[in-house]
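Please have the sequence and the structure in view while I speak.

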Amino acid sequence: MNRTFLLQQVLNGLAIGSVYAIFALGYTLIFSVLRIINFTHGAIFTIGAYATYALTGSQFGINGLLAGATLPFALPFVLALLGGSVVAALSGVIVERLAFRPLRTRGADPLLTLVSSLGVAVALVNITQYLFGAEPYSYPDPLQGWPTAMNFGTAGAPVLVRTVQVVIFGVSMVMLVLLTYLMNATRTGKALRAVAEDMTTSSLLGIDTDRLVLLTFVISGFLGGVTGTLIGLSVGVAGPYFGIAFGLKGLAVIVLGGLGDIPGAVVGGLIIGLAEAFVPAQYIAYREAVPFALLFVVLLVRPQGLLGRAQVQKV
Amino acid sequence: MSVAPAAVPGAPPASGADLLVVDAVTCQFGGVTAVNAVSFAVARGELFGLIGPNGAGKTTLFNLITGLTAPGGGHLRYRGEDITGLPPHRVAERGIARTFQNVRLFGELSALDNVMIARHVRTRSGLVSGVLGLGAARREERETRERATALLALVGLADRPEERARNFAYGDQRRLEIARALALEPELLLLDEPAAGMNAGEKRALSDLIRSVRARLSLTVLLIEHYVPLVMNLCDRIAVLNFGQLIALGPPALVQKHPAVVEAYLGDGA
Amino acid sequence: MASFLATYDFLLVSMVLAAVLALTLYLPLMAGQLSVASPGFYALGGYIAAIMSTKIFPAGPGLYPVSLVLLEMAVAAVVSGALGLAVGVPALRLRGIFLALATIAFVQILGVVALNLQITGGAVGIFGIPQPFANPIEYMWLAVPLLLVSMVFVARLERTRTGRALVALREDELAAAAMGVNPTYHKVLAFTTSAVLAGAVGAVSAHFINTWNSRQGTFDTSVNLMAFVLVGGSRTFVGPVVGGLVLTALPEALRGVAGVDLLPGWLAAFLRDGRLIIFGVLIAIGTVFFPHGLITPGLLRRLGRWRARAR
């Protein structure tokens, strides 16, 4: 296996992996604070992608209730991205208020919350499909004028990575740093960790747990929206169900990294990206099974994931 | 229908015939040593008390004996067999039953169902024979129901067999838990604070119940209890734990006056 | 009557099969285990029937013999059971969310494998599966006995030593173990039984739907099943059956409503196509307002007393 090929595969893996990583950051953040798996993250991701699409002034296709609809204005891509992610964050908050808050106040089992999030995710994705149809969309290219790919090799043995993928990798690293900083070095982060530890006691100690839960969903939703748009930018929006597909794959990422562990989300994402990139050519058809096979194995062998700590149960 | 076991297990109580041997058992959780090289033996037929301040490691010791937690060191021997590290259902199979400090009944199920479930290791019908309702399975089912009903009568709860367990008053729940544990036909019964939450009258009734059950069913009883008068009256011997260590062992009269025990309960400079 | 059956033949059989599938989710749930693995075994059973009837048994003139369908069901049941055992023994050491995730992974893996093997027809799947009956409604001859047998099985189970053990595990696994119930053995038993049943349903469904591909037995199916059990009832076998029957009929009933001219176009379209939206919302509402489902043992007790009084 020559060096150029190896390097190319590694970079491909990191590129795919960083997309999974940003998705997983929002996913795992909610688990770290609330100890629930929020499967609606995938639906929020879809909503973000579609909202950004609309905000770029693009038109929706021929299927769906809002066929042919366009917004009366068009924003430049970065603003549309931010706007779409805000819409995603708001959706996350609405889901929290309507679906999760009642379960939390009733002290429901996290399993019940997972089931609820599955239902809500499927409902939201199908509503999106009902409104906008299931055709693929792509964004107007914001990186015009930039080279389409960057070369990490030599002129004779090129190792190319698409510029958009480099951007995504950069964004994932920035997000990781920002989130880690937030959780470890700010007062809000400390409060979030207190809520994660014990919500009732935190609230008794004067911490505004409601506001913090809200904040968690806002950040998570925003990240979800950003990811949705970035994927859309990288490979196109392949219909609302790609949110479900990501939601499912995201489960593998966050379990591998360690549920609730923020750096773990990035580690998990990159590892799965690399694992997918290194699937030998004759088995390429089975690539989609790789994350789930990894998930299954990790659950059996080390359920706390790579960076998580083993849970000791007090009897 | 009597609740006596079909055959009296093992020899009648004899000194030196130890039913349970706890041999230098140690258990650590994270940085805390909950049980620190504790050793003692319980003779067949004894009523053995385990006392100590909160957090002394008494319930942890019960969890170690019944297999809910695995010890970090040491051995547990029951009827001469090494049961260290066996899972809970295997320990139950061998004849050790328990109640829990925070009552762990099957709340949504009826009192009768709770007791019937504990007949599991003494019965044999499997999935197929049960569902098909074959003769042997049907007989076993009837027997299970009768034994469970008799046990409810034994603890004084025969009037409401179909009532959901979580609707019972706290004191009644504790008695129901005892009935459930007895359904296992154990030789060794572990009771974890059975008198908690009971008033004086109930405590006296419980004392009588434990004594009568021990005699009628030829049981050995290991009892954790905070209410010291109950333990002193009831038990043949008492072990005292403090911070995971065994600090005294002997008949109640001696243990009561032991300086380490006095210090543990009353603190220094009493 | 005849025209009713003719119009709704497909629906009625689907309702019955859905009720049986709902029971496959109910079985592990009796032991407190949320497993969404049944769609995987359902898919497997369907592929077995499809392969056996299109590639192994020669296609004669006229109808495909029912006895062969029964044979396929038996083979599907056994193979699913074996796979269920193989997967269940390691997986059922997991608890709660971890088990649910493992079963989600299982279904996804099977889906990818089915999409890529030659024998399963790849993305196209297998089509032209022979019919044992001239009319779709005659599938009731297979579906209804299957439902009745499963219902009787589960109802009886609830009254036996094994059933009690499962329920004890659901209520408090630790206490159940302390009372002598072997947790892993019983969880695997429930899981494997569920797999056997799901495989058998898959085998019938393959003939019923006439084609079989990787779009059968997916994550969406898991969501459907969760809706049936969550809404129908998760504490008594009657719940999933009613949930499966009613929720499968619901989109059809709503379609009937959508035909009423007074409704605005968008609402009519929603009622026609929004099955998954409705199920998803029902699941979300259910977890909050009726986490044990609509049909609870308490309700059944009350209905029993009401009927006794009415006599």
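In helix 11 of chain A, the buried residues are Val290(A), Pro291(A), Phe292(A), Leu294(A), Leu295(A), Phe296(A), Val298(A) and Leu299(A). A residue counts as buried if 20 or more other C-beta atoms lie within 10 Å of its own, as exposed if 12 or fewer do, and as partly exposed in between, with C-beta atoms placed from the backbone. Helices (H or I, at least four residues) and strands (E, at least two) are DSSP runs, numbered from the N terminus.

Before I continue, a word on the source: this is a predicted model, in which local features need pLDDT of at least 70 and side-chain atom pairs count only at pLDDT 80 or more, whereas totals for chains, interfaces and linings use all residues. Residues are numbered from 1 along each chain as its sequence is written, while chains are lettered from A and ligands numbered from 1 in the order in which they are written.

Helix 11 of chain A has twelve residues, and from its first C-alpha to its last it reaches 16 Å, close to the 16 Å expected at 1.5 Å a residue; the expected span is 1.5 Å times one less than the number of residues. Against what do the buried residues of helix 11 of chain A pack? They pack against helix 9 and helix 10 (262-277) of chain A, together with helix 4 (96-116) of chain C.

Let us turn to chain C itself. Chain C has 13 helices and zero strands. Its C-alpha atoms fill a box of roughly 60 × 50 × 40 Å along the principal axes. For 311 residues, a compact globule would have a radius of gyration near 19 Å, and the 20 Å of chain C agrees with this. That radius is taken over C-alpha atoms, and the globule rule is 2.2 Å times the number of residues to the power 0.38. Of the 311 residues of chain C, 55% count as buried. Among contacts in chain C with a separation of 6 or more, 83% join residues 24 or more positions apart.

Within chain C, helix 3 (residues 66-91) and helix 8 (residues 183-209) pack at an angle of about 145 degrees, with their axes 7 Å apart. Axes are lines fitted to C-alpha atoms, for helices over the stretch in contact, and angles run from 0 to 180 degrees between N-to-C directions. The contact of helix 3 with helix 8 of chain C has 16 nonpolar, eight polar and one charged residues.

Another position in chain C is Gly244(C), found in helix 10 (residues 238-258) of chain C. Why does Gly244(C) count as buried? Gly244(C) counts as buried because it has 30 C-beta neighbours inside 10 Å. Gly244(C) and Phe228(C) are 16 residues apart in sequence, yet 5.0 Å apart in space, C-alpha to C-alpha. Leaving aside residues up to four places away in sequence, Gly244(C) touches residues including Met15(C), Ala18(C), Phe228(C) and Gly232(C).

I now come to chain B. Chain B has ten helices and ten strands, and buried residues make up 45% of its 270 residues. In the contact between the two chains, 21 residues of chain C meet 29 residues of chain B. The largest share of the side of chain C that touches chain B, seven residues, comes from helix 6 of chain C. That side divides into twelve nonpolar, four polar and five charged residues.

Finally, helix 6 of chain C is largely enclosed by the rest of the structure, because eleven of its eleven residues are buried. What covers the buried residues of helix 6 of chain C includes helix 3 (111-117) and helix 4 (127-132) of chain B, together with helix 1 (2-30), helix 5, helix 7 and helix 8 of chain C.

Definitions and conventions:
Two residues are in contact if their C-beta atoms, placed from the backbone, lie within 7 Å. Ala, Val, Leu, Ile, Met, Phe, Trp, Tyr, Cys and Pro count as nonpolar, Asp, Glu, Lys and Arg as charged, and the others, Gly among them, as polar.
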